[in-house]
Amino acid sequence: EVWRLSPLQLTRAGDAPWVQDVIPLLACYSLRSVELYWLHGLHISDANVEEMSISWPSIEVLLLNHDNLSELPPPILTPLALLPLARNCRRLRDLSLYIDGRKLPPVLTHQAHVFETLRWLRFGNSPVDEVAPMALFLSFICSLGCEVAIGVHESLTAHPNVSDGMSVTD
């Protein structure tokens, strides 16, 4: 079943969704797909993504506004937000995030969990200054065959009428 929320149903209509708009969904442990498209950014932190990963162990598709087209402050999320998703969301196959790729973590020296089923990892318009260090970080958590994309790609052309909203599949 799919639920769609319009901007008027969110806590602060017209503004970017805040964590309190997503919190009620954390009680839905069997969610398989969550898609948030917002033209003006999302206010979600690494800690919020970790909470999502714990609450949604069955998630298969998680798309969080990766193609942000607005001139906004840098995203709050860092590449470290990927680690709890890899650890807790073992069925995740499609992941899109708007992250600050300029805040690269140190090289992982411990055994990190690997996204075993992830096939698409998209960062959209995320600011990434240096591709090589990002690729090195991702090599520790992405399995072979995972397609990684940075920049605006097919998502906007596939959804030419994308507007603010949220879609959730149980």
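The structure is a predicted model, in which local features need pLDDT of at least 70 and side-chain atom pairs count only at pLDDT 80 or more, while totals for chains, interfaces and linings use all residues. Residues are numbered from 1 along each chain as its sequence is written, and side-chain values use heavy atoms, with hydrogens and water left out.

The structure holds 6 salt bridges, a salt bridge being a side-chain nitrogen of Lys or Arg within 4 Å of a carboxyl oxygen of Asp or Glu. K103 counts as partly exposed because its relative accessibility is 48%. The side chain of K103 meets that of D100 in a salt bridge (4.0 Å, N to O). D100 is buried, with a relative accessible area of 2%, whereas R102 is partly exposed at 39%.

A further salt bridge is formed by the side chains of R90 and E116 (3.1 Å, N to O). This pair links distant parts of the chain, 26 residues apart: R90 lies in the loop between α3 (82–88) and β4, and E116 in the loop between β4 and β5. Helices (H or I, at least four residues) and strands (E, at least two) are DSSP runs, numbered from the N terminus. R90 is partly exposed at 33% relative accessibility, and E116 is exposed at 54%.

Strand β4 (residues 94–97) is covered on both faces, with D94 and S96 buried on one side and L95 and L97 buried on the other. Strands pair if DSSP finds at least two bridges between them. Strand β3 (residues 61–64) runs parallel to β4 and is joined to β4 by 4 bridges; S96 in β4 is the bridge partner of L63. On β5 (residues 120–122), also parallel to β4, 3 bridges are found, and R122 in β5 stands opposite S96.

A search of the whole structure finds 0 disulfides, a disulfide being a pair of cysteine sulfur atoms within 2.5 Å. C89 is buried, with a relative accessible area of 2%, whereas C28 is partly exposed at 30% relative accessibility.

Technical notes. Buried means under 20% relative accessible area, exposed over 50%, partly exposed in between (1.4 Å probe, protein chains only).
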